[in-house]
Amino acid sequence: MAATSKVGPLPGQLRVLHVEDNHMDADLVAQALRTGGFSISVAVVQSEVEFERQVHSHLPDIVLADYNLPQWEGMEAVEVLRREGLDIPVILVSGALGDITAVECIKRGATDYVLKDGLARLPEAIRRALQEKRVLRLRRRAEEDLVRKAEELCQYNADLEQFAYIASHDLQEPLRMVAAYTQLIAERYRGKLDENADKFIGYACEGALRMQTLIQDLLTFSRIGRAGATAGPVNCDSAIAEVLLTLGPAIRESGAAVTHTALPVVWADSSQMTQVFQNLIGNAIKFRGTEAPSVCVAAEKAGQDWLFSVSDNGIGIAPENAENIFVVFQRLHTRTEYSGNGIGLAICKKIIERNGGKIWVEAVKGHGSTFKFTLPCQPPAQPELCAEEMVAPLA
């Protein structure tokens with residue numbers, strides 16, 4: 001038969017559910033708690049049935065349980081709470097409990113244990129158990145918030161990429177029509193109107209063509225990380241050889257000298273790694289100084305990563321622009337000075353970070369640049385998927 005308090009718990013009272021068959025011991029425990037500074041509301045039970053009923057009606061903050069009872073063991077309270085999905089600390093209060101048994105009880109889920117001849121320690125044990133519960137609850141809440149925010153960010157990035165892809169894809173057709181008709185007007189009416197008309201038509205043609213290039217660049221950027229990229233071993237020496245063939249005309253025109261040390265095999269998408277080297281070497285040739293371009297590609301082991309460097313003797317970069325150059329469409333020079341839309345380095349950054357690395361530049365304006373990036377030495381144990389990639393899309 002359960003012995004409960006005469007009235008329900010008052011605000012600020014510690015709700016205690018005590019599993020105990022000796023009412024004298026139960027009174028001693030209650031007295032120890034009051035002496036220790038607690039205002040308490042206690043329900044005392046002896047059987048599992050009474051315990052289950054009081055757990056839901058009394059809503060305890062703490063469970064105190066005698067280890068040995070005639071009808072059941074106090075440790076079975078832990079199993080009941082676990083079965084009910086309740087996170088309530090359980091402290092064993094027993095007349096005798098060996099060290100081995102005590103350790104086993106802690107392993108099974110008990111929070112602490114106090115011997116009945118040392119009840120003065122019980123209030124402190126309860127305070128510690130409640131504090132640990134609060135800390136654990138806050139930690140779990142923080143972890144849940146972090147997971148939720150990570151999922152939201154992942155979804156936001158996926159939506160943003162999808163928007164960029166769809167918007168740029170759908171813009172191509174009307175823009176293609178604009179470009180075609182402005183070029184047709186230029187061919188048919190150049191010289192037949194006044195000088196200003198020819199100038200305006202030229203501006204329209206140039207703007208349409210530049211917009212087409214921007215959209216193609218945006219599509220290229222949005223495709224990185226989308227379905228289709230296949231990670232695998234990439235021989236960087238072979239990737240450099242392919243880049244040198246592609247950049248052959250620019251290399252010959254500028255008189256550039258491009259060299260590289262023995263480069264490692266990395267785990268990435270082959271076409272994307274080729275694109276990284278092509279963008280970095282191509283920039284070194286484009287942004288050259290008065291001397292013929294000299295470009296060197298090297299790699300060395302740095303802990304768990306490969307550290308790559310692409311060094312040149314070009315015009316360099318001011319320190320305050322070292323981060324801005326990796327922003328999409330960020331340009332440091334006018335189009336009349338250097339061609340391009342300012343997306344190459346943003347593509348490099350996205351590719352490197354998608355493969356678990358990072359990229360940065362070390363440069364001084366007028367004294368060349370060294371672009372550095374890292375890639376893991378070992379392939380990932382398994383691909384990391386965003387939340388939306390781990391579930392099937394809705395029909």
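1. Helices (H or I, at least four residues) and strands (E, at least two) are DSSP runs, numbered from the N terminus. On that basis, the protein chain has 10 helices and 13 strands. Just after α10, G356 adopts a positive phi of about 85°.

2. A quick word on the basis: this is a predicted model, in which local features need pLDDT of at least 70, side-chain atom pairs count only at pLDDT 80 or more, and totals for chains, interfaces and linings use all residues. Residues are numbered from 1 along each chain as its sequence is written, and side-chain values use heavy atoms, with hydrogens and water left out.

3. Helix α10 itself covers residues 344–354, and its buried residues (buried means under 20% relative accessible area, exposed over 50%, partly exposed in between; 1.4 Å probe, protein chains only) are L345, A346, I347, C348, K350, I351 and I352. Across the protein chain, 38% of the 395 residues are buried.

4. Do have a look at S94, which lies in strand β5 (residues 90–94). S94 is buried, at a relative accessible area of 3%. Setting aside neighbours within four places in sequence, its contacts (heavy atoms within 4.5 Å) are D66, Y67, V114, L115 and K116.

5. L59 also deserves a glance: its phi is near 50°, a positive value in a residue other than glycine. L59 sits in the loop between α2 (48–58) and β4 (62–65), and is exposed, with a relative accessible area of 52%.

6. Finally, the chain overall: among contacts with a separation of 6 or more, 70% join residues 24 or more positions apart.
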